[in-house]
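This report was prepared for a reader who has the coordinates at hand. Please consult the sequence and structure shown here alongside the text.

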Amino acid sequence: MKQERAQHTRRALLRAAAGEFDRHGYAGTSLSRVSRAAGVTMGALTFHFPTKASLADAVRADAVELTRAAVGAPACGVPAGGVPAGGGGAGSGGTSGGDTDGADGGFGAGLGPGFGPGEVARLTDVLTRLLQEEPSVSAAARLAWEQPGAADNWYASWIPVLRRHLAQEQSHVPSRRGDGPGPEAHGAVGPVSGGWEACASAAADAQDLEILVHCLVVGSEALRRGVVPVGGETAPSGEELRQRLRRLWHRTLAGPSA
């Protein structure tokens with residue numbers, strides 16, 4: 001019973017701290033404000049988290065664990081596409097476990113054994129949804145900007161998954177487009193065809209897609225916070241923003257004719 005109360009107190013403190021860091025940043029958050037928001041004494045807070053730095057570290061770690069589970073990062077031992085039942089870390093609201101959506105059927109449902117730009121598009125959708133619905137994730141994203149050198153950088157937590165999908169796309173290019181000779185076989189510098197050209201194109205596409213994902217994720221966070229106005233209008237809702245990003249991905253993947 002005593003251990004259960006301690007775990008409940010720790011979860012309450014992480015939830016409260018995530019909200020405070022998200023709204024006020026690291027400098028604007030105080031332990032006294034966190035203790036009031038959590039409804040616990042300062043003594044209870046400092047028992048679990050002696051300093052503000054240790055509290056921020058815990059929020060970041062919670063967000064990274066939740067994100068890796070949602071996107072299927074191997075580092076967490078969660079199969080690709082799998083989110084533990086009841087999902088969410090100690091500081092989350094448990095949103096990801098059974099939440100569903102028309103686009104991905106839940107945070108991690110679209111990130112299974114597939115590969116390529118379609119999976120990258122779904123990864124973007126998962127990340128933007130986490131930012132909008134999980135306080136620890138949005139707090140960790142803000143802390144990553146304010147303290148880029150700290151451990152458990154939220155943006156770094158999903159980069160390996162993004163690059164894995166892009167690498168899988170590249171590795172399949174020759175088998176889809178033909179295994180042609182390299183440029184040296186042509187005896188001159190000029191247009192080439194076949195597998196070498198396809199691989200070169202895929203490498204450029206992978207770099208472009210990685211940059212695009214970063215821009216979309218960072219941009220969605222700026223829009224959520226109201227930092228960037230959209231045509232003088234109010235910031236779009238979370239679902240509206242995700243729908244717009246899906247349309248953008250559709251046009252990007254379909255090409256100029258879309």
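## Basis of the values

The model is a predicted one, in which local features need pLDDT of at least 70 and side-chain atom pairs count only at pLDDT 80 or more, while totals for chains, interfaces and linings use all residues. Residues are numbered from 1 along each chain as its sequence is written, and side-chain values use heavy atoms, with hydrogens and water left out.

## Helix α2

Helices are DSSP runs (H or I, at least four residues), numbered from the N terminus. Within α2, which spans residues 31–38, the residues Leu31, Val34, Ser35 and Ala38 are buried; buried means under 20% relative accessible area, exposed over 50%, and partly exposed in between, with a 1.4 Å probe and protein chains only. Viewed along the axis of α2, these buried residues fall within an arc of 100 degrees, so they line one face of the helix. The arc is taken from the directions that run from the helix axis to the C-beta atoms.

On the other side of α2, Arg36 and Ala37 are exposed. The buried residues pack against α1 (2–24), α3 (42–48) and α4 (52–71), where contact means heavy atoms within 4.5 Å. Just after α2, Gly39 adopts a positive phi of about 75 degrees.

Ser157 belongs to helix α7 (residues 154–177). Its relative accessibility is 3%, so Ser157 counts as buried. With neighbours within four places in sequence left aside, Ser157 is in contact with Val64, Thr67 and Arg68.

His24 is part of helix α1 and counts as partly exposed because its relative accessibility is 34%. Again leaving aside neighbours within four places in sequence, His24 is in contact with Thr29, Arg33 and Arg142. The side chains of His24 and Arg33 are joined by a polar contact of 3.4 Å; a polar contact is a pair of N or O atoms within 3.5 Å, where, within protein, one must be able to donate a hydrogen and the other to accept it, and residues adjacent in sequence count only if both atoms are side-chain atoms. His24 and Arg142 are 118 residues apart in sequence, with a C-alpha to C-alpha distance of 9.5 Å.

## Asp22 and its charged partners

Asp22 is also found in helix α1, and its relative accessible area of 13% makes Asp22 buried. Beyond neighbours within four places in sequence, Asp22 is in contact with Ser138, Ala139, Arg142, Arg224 and Arg225. Its side chain makes a polar contact of 2.7 Å with the side chain of Arg225.

The side chains of Asp22 and Arg224 form a salt bridge (3.1 Å, N to O), a term that denotes a side-chain nitrogen of Lys or Arg within 4 Å of a carboxyl oxygen of Asp or Glu. This pair links distant parts of the chain, since Asp22 is in α1 and Arg224 in helix α8 (residues 195–224), 202 residues apart. Arg224 is partly exposed, at 30% relative accessibility.

## Salt bridges involving α5

The whole structure contains 15 salt bridges. One of them joins Arg122 and Glu119, with the closest N and O atoms 2.4 Å apart. Both residues lie in helix α5 (residues 117–133), three residues apart, about one turn of the helix. Arg122 is partly exposed at 32% relative accessibility, whereas Glu119 is buried at 7%.

Arg246 and Asp125 meet through their side chains in a salt bridge (3.0 Å, N to O). Arg246 lies in helix α9 (residues 238–254) and Asp125 in α5, 121 residues apart, and the pair thus links distant parts of the chain.

Notes:
Helices (H or I, at least four residues) and strands (E, at least two) are DSSP runs, numbered from the N terminus.
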